[in-house]
Amino acid sequence: KENTFTLHNDVEIPDIGFGTWQIPNEEAYDAVTVALKNGYTHIDTALVYQNEENVGKAIKDFDIAREDVFLTSKLPAHMKGYDETLRTFDGSLTNLGVDYLDLYLIHAPWPWDDIGKDCTEGNIASWKAMEKLYKDGAIRSIGVSNFSESDIQALLDACDIVPMVNQIPFYIGRDQKNLLEFCKQHNIVVEAYSPLATGQILNSPEIQDMATKYGVTPAQICIRYCLEHDTLPLPKSTNESRIIENKQLDFTLSPEDVQKLDAMQDVRAK
Ligand code: A2P
C-alpha cells in the first residue's frame, strides 16, 4: 500500500503526486497512463493547464476504480467569486468526466498577470463556494495554492473551514520556512510543486555529490528532500524512466545532509 499524508478531515492523500503542469493536452493522456501504470494514484491538474480532458480520459480508460485515484484540480487564479467558483468547478468536472474531486484548490490569491493584488474579498467569496461544494460532497477536501500566511489568515478570519492543503513552490534552496511553520500550526498539509525547480537545480554540484553519496539521482535527492520536510512532492515528467525514478525513494537523508541542503541558496538558472 502507498504511503499517505492524512489531511485534517482524515482524508488520506498518496505521498507522491503526479504533476501535470506544462504537459500539453495532446501528451497528457500518455503521461497519465504511464504514471498510473507505474503506481501513481495521485494526479494533480488545473483548469489553466488545459489538459483536464485527457487527464480524465486516461484515468477513465485505465483499469483502476475512480475511488482508488486521488484527483486534484484548481480554480483559475483570476476567477474570484461565489457563483463563478461553483460554475467553474462544474466545468472542471465535465472536462475531467468525473462526478467528484478529491481536492479542489484556489490556484492563487491573485491573478497571474497582477501578482500581489489584494483579492481578499474575492478569495473569501470563492472559499465560501468551496465550503458549500465540500459540505455537499462534491469535493472530498479543499485547499489553496500559492497562499502566504496573511492570505490564509484572511480565510481563517472569515470562514468556517480551515484549508486542508496549501500547494506552493518548494525545492532545495527555497525553504519557505515561515510558511511551512504556519501551515503546520494549522494542520494544513503543504504540497510541493516544482520539487525539481522545473529541472533547474539538478546540475548543482552539491546535489550531484549527495546523489553519488546515496547512490541515487539528483532528482531523487530533491524529491526525498521534500518528504524530509513533510511536504508532499508533485514531480512532473513525460518520460517513463523518469516517471518511475521519481517515485523510487526507498532511502532517507540523514539529518546532517538535510541541514546541508537547507543551507543552500536558490541556484536556479535565472
Ligand atoms: P521531462 O518531462 O522531460 O522528464 P518539476 O517537477 O520541478 O516541475 O520539474 C519538471 C522538469 O524536470 C521537467 O522539465 C522534466 O522533464 C524534468 N524532470 C522530471 N523528472 C526528472 C528526472 N528524474 N531527472 C531529470 N529531469 C527530470
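The model is predicted: local features require pLDDT of at least 70 and side-chain atom pairs count only at pLDDT 80 or more, while totals for chains, interfaces and linings use all residues. Residues are numbered from 1 along each chain as its sequence is written. The protein has 10 helices and 10 strands, where helices (H or I, at least four residues) and strands (E, at least two) are DSSP runs numbered from the N terminus.

**Overall dimensions**
- The radius of gyration, taken over C-alpha atoms, is 18 Å, close to the 18 Å that the globule rule gives for 270 residues, so the protein is as compact as a globular protein of that length; the rule is 2.2 Å times the number of residues to the power 0.38.
- Along the principal axes, the C-alpha atoms fill a box of roughly 55 × 40 × 35 Å.
- Of the 270 residues, 42% count as buried, meaning that 20 or more other C-beta atoms, placed from the backbone, lie within 10 Å of the residue's own.

**Annotated domain**
- UniProt, in an unreviewed entry, lists residues 16-264 as "domain: NADP-dependent oxidoreductase"; such annotations may be inferred rather than shown by experiment.
- This span is 43% helix and 13% strand, and its end C-alpha atoms lie 24 Å apart.

- Beyond its neighbours within four places in sequence, Ala192 is in contact (C-beta atoms, placed from the backbone, within 7 Å) with residues including Phe170, Tyr171 and Cys226.

**Helix α8**
- Nine of the 11 residues of α8 are buried, so this helix is largely enclosed by the rest of the structure.
- Its buried residues run through Pro218, Ala219, Gln220, Ile221, Cys222, Ile223, Arg224, Tyr225 and Cys226.
- Their cover includes strands β9 (189-193) and β10 (231-234), together with helices α7 (205-214), α9 (240-245) and α10 (255-262).
- Just after α8, Asp230 takes a positive phi of about 60°.

**Ligand surroundings**
- Around the ligand are 18 residues (C-beta atom, placed from the backbone, within 6 Å), of which Ser194, Leu196, Gly199, Ala219 and Ser237 come nearest.
- By class, this shell has six nonpolar, nine polar and three charged residues; Ala, Val, Leu, Ile, Met, Phe, Trp, Tyr, Cys and Pro count as nonpolar, Asp, Glu, Lys and Arg as charged, and the others as polar.

Methods:
Two residues are in contact if their C-beta atoms, placed from the backbone, lie within 7 Å. A residue is buried if 20 or more other C-beta atoms lie within 10 Å of its own, exposed if 12 or fewer, and partly exposed in between; C-beta atoms are placed from the backbone.
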